[in-house]
Amino acid sequence: MKNYKLALVGATGLVGLTARKVLEEKNLPISEYTFFSSNKSAGTKINFLNKEYIVKELSESSFDEGFDFAIFSAGGETSKKYSPIAVSKGCIVIDNSNAFRMDTNVPLVVPEVNPQDIYWNKGIISNPNCSTIQAVIPLKPLDDKYIIKRIVYSTYQAVSGAGKKGIDDLENGLKGLNPQKFPYPIVNNCLPHIDVFEKNGYTKEEMKMINETRKILGKPNLKITATTVRVPVLNSHSESINIEFENDFDLDELKELLKNSPGIIVEDNICNNIYPLATNACGHDEVFVGRIRRDESVASGVNLWVVADNIRKGAATNAIQIVEKLIK
């Protein structure tokens with residue numbers, strides 16, 4: 001088997017740190033790793049697979065040595081500038097930013113949902129938004145069987161989704177300090193404001209969920225609405241997903257379908273107060289689904305409570321699973 005070379009861009013950030021953990025766990029047939037960051041973090045020493053590495057500064061010549069894969073977790077502007085350079089050197093880029101997600105020439109992939117889209121890539125594969133990733137994993141099998149007519153998303157998103165500055169705002173807010181990242185204190189608040197507001201009154205985060213879901217499921221006209229909320233939780237996003245189907249369903253059969261679908265753990269035993277919790281999802285790659293109940297206000301609808309580690313499955317693990325698929 002060929003030994004591959006992989007570059008991790010943004011290696012010292014929150015997602016980069018988690019990506020390093022996941023790569024160590026998976027032990028892929030990669031013979032050479034190189035870690036890149038901005039000038040600010042270049043020179044940092046990191047231990048990875050029992051070896052010391054020095055993080056290199058990302059530059060236009062970084063990909064001259066020839067990599068098979070590069071995982072980008074350094075923001076949209078970095079991806080826009082350096083991804084085409086990497087591709088021109090024969091590298092396949094898996095990008096965690098929003099830079100290419102809605103580009104019709106770039107596949108937007110969750111391996112449990114649309115792995116076939118990986119293989120028509122033209123050098124760049126996009127990782128969806130973290131809140132979208134955990135939603136579409138249960139949506140896909142349900143759509144295949146019952147045909148989704150409409151989705152209502154309500155999200156409760158952890159501060160880690162806003163990066164280190166989001167975490168700092170929560171921790172500093174508990175000490176009585178003013179926020180630096182969010183427009184208001186996150187302590188004791190739920191902020192219905194993730195990313196910037198757009199002309200239609202939705203936030204950019206809400207429109208990401210709507211448009212990315214349509215692209216991943218291959219349903220450009222699917223009716224979806226979303227309200228995304230930042231909550232004072234350190235890590236793991238929680239989502240209430242209301243789904244209306246074209247076809248009727250048996251609730252027990254629907255639960256069994258979710259239990260037997262890839263990447264899902266069903267936690268749904270209300271008699272014993274068992275349902276997905278953010279604290280329990282941390283450190284896991286699976287998506288946890290519970291509070292599965294019929295929506296009695298429509299002819300064929302269901303409510304789900306969906307929780308996942310937004311830094312692992314919502315970013316790092318999803319990208320590495322794409323690399324796994326490419327290797328196989």
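Colleague: How do the residues lining the second largest pocket divide into nonpolar, polar and charged?

Modeller: Keep in mind that this is a predicted model. The pocket has a volume of about 220 Å³, and its lining includes Leu14, Thr18, Lys21 and Asp309. Sorted by type, the lining residues of the second largest pocket come to 5 nonpolar, 4 polar and 3 charged.

Colleague: Which element gives the largest share of that pocket's lining?

Modeller: Among the lining residues are Leu14, Leu17, Thr18 and Lys21. The largest share is 4 residues, and the element they come from is helix 1 (residues 14–26).

Colleague: Leu234 is in the lining too. Is Leu234 buried, partly exposed or exposed?

Modeller: Leu234 sits in the loop between strand 10 and strand 11. Leaving out residues up to four places away in sequence, Leu234 touches Ala158, Val159, Ser160, Ile167 and Leu170. Buried would need under 20% relative accessible area and exposed over 50%. Leu234 has a relative accessible area of 45%, so the word for it is partly exposed.

Colleague: And how far apart in space are Leu234 and Ala70, C-alpha to C-alpha?

Modeller: Along the sequence, 164 residues separate Leu234 and Ala70. In space, C-alpha to C-alpha, the distance between Leu234 and Ala70 is 28 Å.

Colleague: What about Ser236, is it buried or exposed?

Modeller: Ser236 is also in the loop between strand 10 and strand 11 (237–245). Most residues other than glycine have a negative phi. Ser236, though, has a positive phi, near 85 degrees. With a relative accessibility of 1%, Ser236 falls under the 20% cut-off, so it counts as buried.

Colleague: Asp195 isn't a glycine either, so what is its phi?

Modeller: Asp195 is found in the loop between helix 4 (164–173) and helix 5 (204–217). Its relative accessible area is 34%, so Asp195 is partly exposed. Its phi is positive, at about 70 degrees.

Colleague: Let's go to strand 10. What is the relative accessibility of Thr228?

Modeller: Thr228 lies in strand 10 (residues 223–230). Not counting residues up to four places away in sequence, it touches Thr155, Gln157, Leu191, Pro192, His193, Ile194, Thr203, Glu205, Glu206 and Met209. Thr228 counts as buried because its relative accessibility is 0%.

Colleague: What separation do the C-alpha atoms of Gln116 and Lys325 have?

Modeller: Gln116 is in the loop between strand 7 (92–95) and strand 8 (124–126), and at 49% relative accessibility it counts as partly exposed. Along the chain, Gln116 and Lys325 are 209 residues apart. Their C-alpha atoms are separated by 9.8 Å.

Colleague: Stepping back to the whole protein, why does it count as compact as a globular protein of its length?

Modeller: The secondary structure comes to 8 helices and 14 strands. The globule rule gives 20 Å for 328 residues, and the protein is as compact as a globular protein of that length because its radius of gyration is close to that, at 20 Å.

Colleague: What percentage of the residues of the protein count as buried?

Modeller: The C-alpha trace spans about 60 × 50 × 40 Å along its principal axes. The protein exposes about 15000 Å², with carbon and sulfur atoms supplying 48% of that area. Of the 328 residues, the part that counts as buried is 52%.

Methods: Residues numbered from 1 in each chain as written. Predicted model: local features only at pLDDT ≥ 70, side-chain atom pairs only at ≥ 80, totals over all residues. Heavy atoms only, no water. 1 Å grid on protein atoms, 1.4 Å probe; cavity = no way out; pocket = protein on both sides within 12 Å on 5 of 7 lines; lining within 4 Å. Points joined across faces, edges and corners; volume = space filled by probe spheres on them. Helix = DSSP H or I, 4+ residues; strand = E, 2+ residues; numbered from the N terminus. Nonpolar A, V, L, I, M, F, W, Y, C, P; charged D, E, K, R; others polar. Rg over C-alpha atoms; globule rule 2.2 N^0.38 Å. Buried < 20%, exposed > 50% of the residue type's maximum accessible area, 1.4 Å probe, protein only. Areas by Shrake-Rupley, 256 points an atom, 1.4 Å probe, with all protein chains shown as cover. Contact = heavy atoms within 4.5 Å.
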